Amino acid sequence: MQHPADILFAGEKPFPALPAVDHYAGSEKLMSKALALQHELGPVFDITCDCEDGARAGAEAEHAAMVADTVTGTDNRDGRIGARIHDITHSHWQRDLEILVGRAGARLAFLTLPKVRSAADAKTQIAALRTVEAAHGLERPIPVHVLIETHGALHEVWDIAAVSGVESLDFGLMDFVSGHHGAIPAAAMTSPGQFTHPLVVRAKVEIAAAALANGVVPSHNVTTELKDIELIRHDAARARREFGYLRMWSIHPNQIRPILDAMRPDFSEVEEAAEILVSAQDGDWGPIQHRGRLHDRASYRYYWELLLRARTTGMALPGEASRRFFP
């Protein structure tokens, strides 16, 4: 029987199946805590080791080396650790690449580029990354995540999303609001303002649209709430249901579980998806009827990607679908 990944997207760029949470950690202590939680929950969230905000001025090289050691360490059981390097205006960004790729390249899940000002910036840094990869004999190009947090990046977001190697577009809310020099109030950095201020809403919608149209995952900004679990879950739910974001940043372990909860599909939809895909596979992927409705390859694609999202958020899949599609 033909697998849905082979039959439904033949000849097309596959959409990245990334975990729904991208957890940021800036210090060795916080990275260790994040890894311990990843061991507990499984690879349902990524860890981004932060070389931009995490490194002390003058100690950038030491910090990057520590991150590389974390990525290559035995505690990285699932291979879902990436790193954020310095921005293109910082003198150390190229050295970040040399250290991280040279010491940990084969195990880096991704690299994140902050504060790009244009598609040209993204292309410049990605070209440098590919050069360093080649110098170290890496066969797998490291996926790149690009932070959209400047006026220029938002203006060229469709071009950035189309750059080869880009896997995720991440919205940097705080820097975006700060870049408006007080024209956007501080209330737009928190809820509900971040979901209602027109300039912020425009940015979120444009980023999500550009990402999804180019086969790239849109990743939502952090919520600044650290203790109110319901508010964290509510922010994540709005990001997912109203703005189309499939992934969200976390900056505290308390945020990981509620974000996962909000990003998970409804279980009844997962059950329906499993039933439809099993029937479709039995019918060699021709049109079928299910509960009185017609389904064909267009709906099969939708339900297959729904199953993938459910799996990356740690949901238990119905037995037959799990056996057939994820043996």
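# Exercises on a predicted structure

The largest pocket holds about 430 Å³ of space. The model is predicted, so local features need pLDDT of at least 70 and side-chain atom pairs pLDDT 80 or more, whereas totals for chains, interfaces and linings use all residues. Residues are numbered from 1 along each chain as its sequence is written, and side-chain values use heavy atoms, without hydrogens and water.

**Exercise 1.** Determine which residues lie nearest the centre of the largest pocket, and which element gives the largest share of its lining.

*Solution.* A pocket is an open set of points on a 1 Å grid over the protein atoms alone where a 1.4 Å probe fits, with protein on both sides within 12 Å along at least five of seven lines; lining residues have an atom within 4 Å of a point. Its volume is the space filled by probe spheres set on the points, which are joined across faces, edges and corners. Of the 19 lining residues, Phe15, Pro16, Glu305, Leu308 and Arg309 lie nearest the centre. Helix α13 supplies the largest share, six residues.

**Exercise 2.** Characterise the aromatic pair of Trp285 and Tyr300.

*Solution.* Rings of Phe, Tyr and Trp (its six-membered ring) pair if their centres lie within 6.5 Å; planes under 30 degrees apart are stacked, over 60 edge-to-face, and the rest tilted. The whole structure contains seven aromatic pairs. In the pair of Trp285 and Tyr300, the centres are 5.7 Å apart and the planes stand at 70 degrees, which makes it edge-to-face. Trp285 lies in the loop between α12 (267-282) and β9 (288-290), and Tyr300 in helix α13 (residues 297-312), 15 residues apart. Helices (H or I, at least four residues) and strands (E, at least two) are DSSP runs, numbered from the N terminus.

**Exercise 3.** Compare the span of α12 with the expected value, then identify its buried residues and what covers them.

*Solution.* The expected span is 1.5 Å times one less than the number of residues. With 16 residues, α12 reaches 23 Å from its first C-alpha to its last, close to the 22 Å expected. Its buried residues are Val270, Ala273, Ala274, Ile276, Leu277, Val278, Ala280 and Gln281. Their cover, judged by contact (heavy atoms within 4.5 Å), includes α1 (4-7), β9, β10 (293-295), α13 and α14 (319-325). Just after α12, Asp284 takes a positive phi of about 55 degrees.

Methods: Buried means under 20% relative accessible area, exposed over 50%, partly exposed in between (1.4 Å probe, protein chains only).
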